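Visitor: Please take a close look at one part of this protein, the charged side chains and what surrounds them. Then set that part against the rest of the chain.

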Amino acid sequence: MKDLIQMAKLYRLECKKNGHDKFYEIIHEKGIVVKRWGRIGTEGQMMPVSFGNSDTAATNFVNLLFDSKRSKGYVLTMESEVDINSYV
């Protein structure tokens, strides 16, 4: 049986400030947020965070992540749609 495809928003931020070469990805779909981070060119680390049925909480969390990363010099380099099953 094939897995059901669940499309999610993917945001990729990168920081090349002060010699850093890092990325931070945020995948958001309904009550699920997946964070992935590391050095550019590596697979990095990943952490899924579940907010149950609360999409509002998940959206607020994504906004906090954006604010935090941007204040540290990260810039948005990509925004697309991906199948969340390939991340969790």
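Guide: Start with glutamate 14 and arginine 12, which form a salt bridge with their closest N and O atoms 2.9 Å apart. A salt bridge here is a side-chain nitrogen of Lys or Arg within 4 Å of a carboxyl oxygen of Asp or Glu. This is a predicted model, in which local features need pLDDT of at least 70 and side-chain atom pairs count only at pLDDT 80 or more, while totals for chains, interfaces and linings use all residues. Residues are numbered from 1 along each chain as its sequence is written, and side-chain values use heavy atoms, with hydrogens and water left out.

Both glutamate 14 and arginine 12 are buried. Buried means under 20% relative accessible area, exposed means over 50%, and partly exposed lies in between (1.4 Å probe, protein chains only). Arginine 12 also forms a salt bridge with glutamate 25, where the closest N and O atoms are 2.7 Å apart. That pair links distant parts of the chain: arginine 12 is in strand β1 (residues 7-15) and glutamate 25 is in strand β2 (residues 22-29), 13 residues apart. Strands (E, at least two residues) and helices (H or I, at least four) are DSSP runs, numbered from the N terminus. Glutamate 25, like arginine 12, is buried.

Glutamate 14 has another partner, lysine 16, and their side chains meet in a salt bridge (3.9 Å, N to O). The two ends of this pair fall into opposite classes. Lysine 16 counts as exposed because its relative accessibility is 56%, whereas glutamate 14, at 16%, counts as buried. Through shared partners, salt bridges join Arg12, Glu14, Lys16, Glu25 and Arg36 into one network. The structure holds five salt bridges. As a rule, side chains of opposite charge can pair when their charged atoms come close.

Lysine 35 is buried yet has no salt bridge, and the nearest side chain of opposite charge, glutamate 25, is 13 Å away. Lys and Arg count as positive, Asp and Glu as negative, and His and the chain ends are not counted. Leaving aside residues up to four places away in sequence, lysine 35 touches Tyr24, Glu25, Gln45, Met46, Met47, Val49, Phe61 and Leu65. Contact means heavy atoms within 4.5 Å.

Strand β1 also holds cysteine 15, which is buried because its relative accessible area is 2%. Beyond residues up to four places away in sequence, cysteine 15 touches His20, Asp21, Lys22, Lys72, Gly73 and Tyr74. The C-alpha atoms of cysteine 15 and glycine 31 are separated by 27 Å, although these residues are 16 apart along the chain.

Now the loops. Asparagine 18 is in the loop between β1 and β2 and, at 67% relative accessibility, counts as exposed. Asparagine 18 has a positive phi of about 55 degrees although it is not a glycine. Lysine 30, in the loop between β2 and β3, has a positive phi of about 50 degrees and is likewise not a glycine. Lysine 30 counts as exposed, at 57% relative accessibility. Most residues other than glycine have a negative phi.

Toward the end of the chain, isoleucine 84 lies in the segment after β5 (75-83). Isoleucine 84 counts as buried because its relative accessibility is 2%. Isoleucine 84 and leucine 10 are 74 residues apart in sequence and 9.0 Å apart in space, C-alpha to C-alpha. Residues up to four places away in sequence not counted, isoleucine 84 touches Gln6, Ala8, Ile27, Glu29 and Ile32.

Finally, the whole chain. The protein has one helix and five strands, in the order β-β-β-β-α-β along the sequence. Of its 88 residues, 34% count as buried. Among contacts with a separation of 6 or more, 51% come from residues 24 or more positions apart. Along its principal axes the C-alpha trace spans about 45 × 30 × 20 Å.
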